[in-house]
Amino acid sequence: MVYGSSILARPIPQQEVNGPSAYYLLFVNTNSDDSTPDCMSRNSEPLKIIGLSFIILAVFSLISPELQVKLGLKKPFDLFSDFRKLTTESKPVASKKNDSLPVTKPASIPHFVDFSSKETDQSLEQFFKKLQALKKGKRKKVRIGYFGDSMIEGDLITQNIRQILQSNYGGHGVGFVPITSVVAGFRQTIQHKFSPNWIDQNFQNAKKIPFHFLSGHQFKANESAWVEYGAVKQKRLNTLPNPTLLCAKNERAILLQMNAEELSLNPNKAFNAFRLSENDKLNKIKLNFPQGASGIYGICFESDSGLVLDNFSFRGSSGLELNCMKSDAMAELFNARPYDLLILHYGPNLLFKPLNTDFSYYKKQLKKTLTHLKKNSPGCAILLISSADKSYRSKEGKWITAPGVEPLTASQTELAE
């Protein structure tokens, strides 16, 4: 949808030119007579060009999308699309004949299906019982790991789920936060800053690393690297309770400073969790690594009781990489931080070719991942969320649902079953 555009003429800084200030866009009227100052002629030229451009775009917008394609335009456009949309929405009832996205009857697409056996400890029934026990004070903590692609980056979706669940079942804290993140400035549930001398080793660029944490990232700190976290002014997120450093096995001790306090950690297990402070009222921490470190996963902030929801987003992922984690490390991970529910929310990255409807390769690979997770996460239920919708522009210039969405959702249903 086109909302409009602007053309700006920006002054070039004085030191870049000799003489008076110039512009990146310079229009010269070579036909002006001596009675008209050059500056007045030049000032009128941009308005003429903008006006002429508007007229040309308006004329093309009156042509049908089909004819635009025939004229050679790869992507048909409509300058007045917003106005047409408002006119269409003002009608009391949409025309079913002209609807490019026919609505399927809700009864034919169940929103929630439980394929698990109620007798097993990995069933969703058992997870719901854990929630009820938590609410009644018969259980201390319930932990959820939510996996997804860029759709949940910056704690999107998960921040709302966490807020609702913690309001009902108790607990506070944002959960897991990586060392660095490309969306740190965008995230609203924690303040996050870090030095530029961190190296991000992940599923995509360091496949030979023997173990990746659930997040898919582990970080290497060069000398004097630092990371800083700050609480936000939101209910249940206004402190950084019990900061805990998660890291892989290291041959040497990790020396760090937390808020000027010097600490020495000895990560001798495949997975290590070091609580850096027992204080649940902290609102800011800064970690300095004066001698560097490797195999650092991130920091967790969670209360001693209540519900914990960790966001594990990985841009461009489809969930297949999760079978890279070694069984011994996963055993130590679930021993130190037992999860009660793993949620996998993937799909749109598989629809990069909108006309593709064959996902047999994906089913085969994801089945290995699910088997691996189920085997190495005792007592933990697994929930699959089907792909979000994804549109593409047809040859006629209309935005419609990609043909691959329904076959992909069907494949995910079969995998869950």
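User: How many aromatic pairs does the structure hold?

Analyst: Rings of Phe, Tyr and Trp (its six-membered ring) pair if their centres lie within 6.5 Å. The model is predicted, so local features need pLDDT of at least 70, side-chain atom pairs count only at pLDDT 80 or more, and totals for chains, interfaces and linings use all residues. Residues are numbered from 1 along each chain as its sequence is written, and side-chain values use heavy atoms, with hydrogens and water left out. The number of aromatic pairs is 13.

User: Is the pair of F127 and F128 stacked, edge-to-face or tilted?

Analyst: Planes under 30 degrees apart count as stacked, over 60 as edge-to-face and the rest as tilted. The F127 and F128 rings lie 5.9 Å centre to centre, with 55 degrees between the planes. The pair is therefore tilted.

User: Why does the pair of F271 and Y297 count as stacked?

Analyst: The ring centres of F271 and Y297 are 6.3 Å apart. The pair is stacked because the planes meet at 10 degrees.

User: Are F271 and Y297 buried or exposed?

Analyst: Buried means under 20% relative accessible area, exposed over 50%, and partly exposed in between (1.4 Å probe, protein chains only). By this definition, both F271 and Y297 are buried.

User: Which residue lies over the face of Y339?

Analyst: A charge sits over a ring if NZ of Lys or CZ of Arg is within 6 Å of the ring centre and within 35 degrees of the ring normal. Y339 belongs to an aromatic cluster that includes F271 and Y297. At 5.7 Å from the ring centre of Y339, the residue over its face is R143.
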